Amino acid sequence: MFDSENPYSLIIIGTTILLLMGVVLIVFVAYYQQKQLRKDLNQQKQIQELRTEMQRQLLESALEVQEVERVRIAKDLHDEVGAMLSVTKMSFNQLLRKLDNAQDLATMGKQTRELLEQSISQVRRISKELVPSTLEEFGLISSIDEFIQKVHLASATSFIFSHEGIDIKQRFDKKIELTIYRLIQELVNNALKHADAKEISLRLTTENNKIIFTFTDDGKGFDFENTRKDPKSGLGMRNMESRLSVIDGTLDIKSQIGKGTKTIIEIPI
Amino acid sequence: MWERYIYLINKYPFIAVSDVITLCPLLIGIISYKYLSKENKLLFYFIIVHFLLDLQSVWISVKNQNNLNIFNFTELLEVTIICLVFLQLNSQYFKKWLIAFLLFTCVFVGIWKFDFAEFAFVPYVLNRLSYVIVVFIYFNTLLSETSVKNILTHPPFWLCAGLIVYSTGSVIIFLFGKQILASDAPHEKFVFFYSIISIINIFFRLLICVSFFVSKYEKK
């Protein structure tokens, strides 16, 4: 088609080749820049994921350390302080028997013994609260049951607890059970301390490989957004979120002033 | 005079279209003016001047006088503006220095080889080679930094694309300009090759339109 001897043909061929090279260059730059950008974004995403995972692991370790420390304190209280107090009580009983004749001293002694008994039961209670032994031995349902019965006895609040589709003896992952138990402690504490709740409802179900825990109280309610932003009052909420993040759980709180609070927790099994 | 103008349009249709197409970046520039970056505004002012110079050259050609001095002057102005645009686009000292050196060389050669009666082919070739170099410098910046999220809405990319098409499509023609575009060259060859240059010019102006048009999206 082109005469290679003809300089005009060579100019056309040269121009066409250069033009094509130019177009290829433009397409290449556009493609390569997008590729680079995607690569960079992926790297940033991976770094972010690593950071999140590291934070999650740190939090998990912190919670584990906290639990270990709770166990140690509970053990020390029960085995050492509790034992010492029991021995003191026995020794005191012996002393009282010898002081039967001295009426005044005997009365004082009885009062002191009552104080000792109270101290022993307080130490036992604190020790038990620090480590939910029922949770470890009998599972989540029994421990929640025991916990709400105790709170019910100590307060005027009534509790409704239902666990649809979950057997009383059913066990979940240790971390999940402990997280739910601690969250219930926090939620009940909030409902009694801040919301003045008269009735608390706890509902535990499983659905689509998820544990769904619904906590409802008829208390004062609160402004969720403002409380969350407040560094002091939002601490409990953030703690709950942190605990849940370790086990990939989610927290949804719905509250209106004067209309109580509803908290829905979802945890993948 | 009007008959002469119609005669010229019929004789050089691509050149006429190329002149009219200059209106497109002008109009899109006016519409998108508030979205234009500093560099694109400079380019927009150049388009206005270019359009006025085109009108003047058409007027002179209608009067049957030589208008190549205007073409050569436009070329000199064009290389100055393009280099200034790329000086603003690049922030690295070495790149700025290199572009400034190219600008100085092109302006110097442009003035030195300025011709009132013929195309000044040496500056034309040198300017196109300089455009390729400044575009390469900018592409290097573009690829080494990933600050641009969507290259298709990045106005300088379209300007670079236009410059590459403009330079690669016409550099060889101007390189052999004495044989094909000079006044003593065969007329049919002149018309053919100058039509190619006009088509390339049309593409360049359309890509400048895109550059002005996408400014809105990048700013958003």
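**Close-up 1. A:I212 faces A:E266 across a strand pair.** In this predicted model, A:I212 stands opposite A:E266 of β5(A). The strands here are β3 (residues 210-217) and β5 (residues 261-268) of chain A. They pair in the antiparallel sense, over eight bridges.

**Close-up 2. The open sheet of chain A has five strands.** Their order is β1-β2-β3-β5-β4, and the pairing is mixed. The edges are β1 (158-164) and β4 (250-255) of chain A. Each has a single partner strand, so one side of each is left without a neighbour in the sheet. From one strand to the next, the twist averages 10°.

**Close-up 3. Helices α4 and α5 of chain A lie across strands of chain A.** Helix α5(A), residues 174-193, lies across β2, β3 and β5. Its angle to β3(A) is about 10°.

**Close-up 4. The largest nonpolar core has 54 residues.** B:F86, B:V134, B:Y138 and B:C160 touch the most other members. Helix α1 (7-98) of chain A supplies at least two residues of this core. So do several helices of chain B, including α4 (38-62), α5 (68-89) and α10 (187-219). The most comes from α8(B), with 13 residues.

**Close-up 5. B:C160 and its contacts.** Neighbours within four places in sequence are left aside here. B:C160 is then in contact with B:V135, B:Y138 and B:F139.

**Close-up 6. A second, separate core holds 21 residues.** Among them are A:L135, A:I180, A:A197 and A:I211.

Methods: Residues are numbered from 1 along each chain as its sequence is written. Chains are lettered from A and ligands numbered from 1 in the order in which they are written. This is a predicted model: local features need pLDDT of at least 70, side-chain atom pairs count only at pLDDT 80 or more; totals for chains, interfaces and linings use all residues. A nonpolar core is a set of buried Ala, Val, Leu, Ile, Met, Phe, Trp, Tyr and Cys residues joined through C-beta atoms within 7 Å. A residue is buried if 20 or more other C-beta atoms lie within 10 Å of its own, exposed if 12 or fewer, and partly exposed in between; C-beta atoms are placed from the backbone. Helices (H or I, at least four residues) and strands (E, at least two) are DSSP runs, numbered from the N terminus. Two residues are in contact if their C-beta atoms, placed from the backbone, lie within 7 Å. Two strands pair if DSSP finds at least two bridges between them. Axes are lines fitted to C-alpha atoms, for helices over the stretch in contact, and angles run from 0 to 180 degrees between N-to-C directions.
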